[in-house]
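Q: Could you walk me through how to read the features of a protein model, giving the general idea each time and then the case in hand?

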Amino acid sequence: MQSFSDLRDLIRADWRRNRRHRKSRLILLAFRLLHPLAVSGPTIRRICWPLFMLYTILVEWVCCVELPLKTEVGKGLLIGHGYALVVNDRVRIGENCTLRHCTTLGVSDSPTGVPGPAPSLGDGVDVGANVVIVGGVHIGSGARIGAGSVVVHDVEAGATVVGNPARPLVRKASTASKG
Ligand SMILES: CC(C)(COP(=O)(O)OP(=O)(O)OC[C@H]1O[C@@H](n2cnc3c(N)ncnc32)[C@H](O)[C@@H]1OP(=O)(O)O)[C@@H](O)C(=O)NCCC(=O)NCCS
């Protein structure tokens, strides 16, 4: 179980990073307060069921952000705009990551119907708008995922990837270096 000071640090870090996104502040506040209850024993989970339902109604149905309460999320998550974000509960998100609108972090389909593996994000990963990251891929710390990308392979730490399927960004040589 998280200590009170850990919880306070998480909330402060989220609050600072989402200063331009008030809705995201509230979503993350609710997430941080209820996450420890959602990952505790069955008795507490049964007692807290009405709170979980309230979270589902307000965050998922009203705000259109699916951030399941069991998801592992490091401190300082920035949720840009706070619309149409879908995160599977088996996703792991490191510290100080950025997720934007119209983005999905999900499991891959499996022919047996058993959910496949989910993505994991290192620290400081910046995910652009309209991105899909699917399957058991790992996004290394400090990586940037360009807007509109579909990520189905691992991304190296510090890399920038774009496109569908996302590939490392190849920059044109500058005019000066062409001579
Ligand atoms: C991928 C990204 C991080 C790269 O940023 P950058 O390092 O500053 O790169 P540049 O803008 O200089 O672009 C470099 C090249 O990549 C291309 N590129 C940039 N972003 C791209 C993207 N999302 N998809 C495909 N190509 C992209 C550019 O066209 C340019 O190509 P060129 O060299 O052939 O002209 C950034 O473009 C991006 O997509 N950020 C997401 C931000 C976002 O979603 N904002 C929403 C705010 S509401």
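Q: What covers the buried residues of α4?

A: A word on the model comes before the reading: it is predicted, so local features need pLDDT of at least 70 and side-chain atom pairs count only at pLDDT 80 or more, while totals for chains, interfaces and linings use all residues. Residues are numbered from 1 along each chain as its sequence is written, and side-chain values use heavy atoms, with hydrogens and water left out. Helices (H or I, at least four residues) and strands (E, at least two) are DSSP runs, numbered from the N terminus; buried means under 20% relative accessible area, exposed over 50%, and partly exposed in between, with a 1.4 Å probe and protein chains only; contact means heavy atoms within 4.5 Å. In this structure, the cover over the buried residues of α4 includes α2, α3 and β1, and those buried residues are F52, Y55 and V59.

Q: Which residues make the nonpolar surface patch?

A: Accessible areas come from the Shrake-Rupley method with a 1.4 Å probe, and for residues only the protein chains shown count as cover. Here L54, I57, L58, W61 and V62 form a nonpolar patch of about 500 Å². One of them, L54, belongs to helix α4, residues 49-62, and is classed as partly exposed because its relative accessibility is 46%.

Q: How is the span of helix α2 checked against its number of residues?

A: The expected span of a helix is 1.5 Å times one less than its number of residues. For α2, residues 22-38, the 17 residues should span 24 Å, and the end C-alpha atoms are 24 Å apart, so the two agree. The 14 residues of α4 should span 20 Å, and its end C-alpha atoms lie 18 Å apart, which agrees as well.

Q: Where does α2 bend, and what covers its buried residues?

A: The bend at a residue is the angle between axes fitted to the seven residues ending there and the seven starting there. In α2 this angle is about 25° at R32, and a proline, P36, follows within four residues. The buried residues of α2 include F31, R32, L34, H35 and P36, and their cover includes α1 (4-17), α3 (42-47), α4, β1 (65-66), β2 (72-73) and β3 (78-79).

Q: Is D14 buried or exposed, and which residues does D14 touch?

A: D14 sits in helix α1 and counts as buried because its relative accessibility is 3%. Leaving aside neighbours within four places in sequence, D14 is in contact with L28, R32, K75, G76 and L77.

Q: Where is H21, and which residues does H21 touch?

A: H21 lies in the loop between α1 and α2, and is buried because its relative accessible area is 15%. Its contacts, not counting residues up to four places away in sequence, are L78, I79, G80 and H81.

Q: Is T103 buried or exposed?

A: T103, in strand β7 (residues 103-106), counts as buried because its relative accessibility is 0%. Not counting residues up to four places away in sequence, T103 touches A84, L85, V86, V127, G128, A129, N130 and V131.

Note on methods: Patches are made of residues with over 30% relative accessible area and no salt bridge: like charges are joined within 9 Å, nonpolar side chains (Val, Leu, Ile, Met, Phe, Trp, Tyr) within 5 Å. A salt bridge is a side-chain nitrogen of Lys or Arg within 4 Å of a carboxyl oxygen of Asp or Glu.
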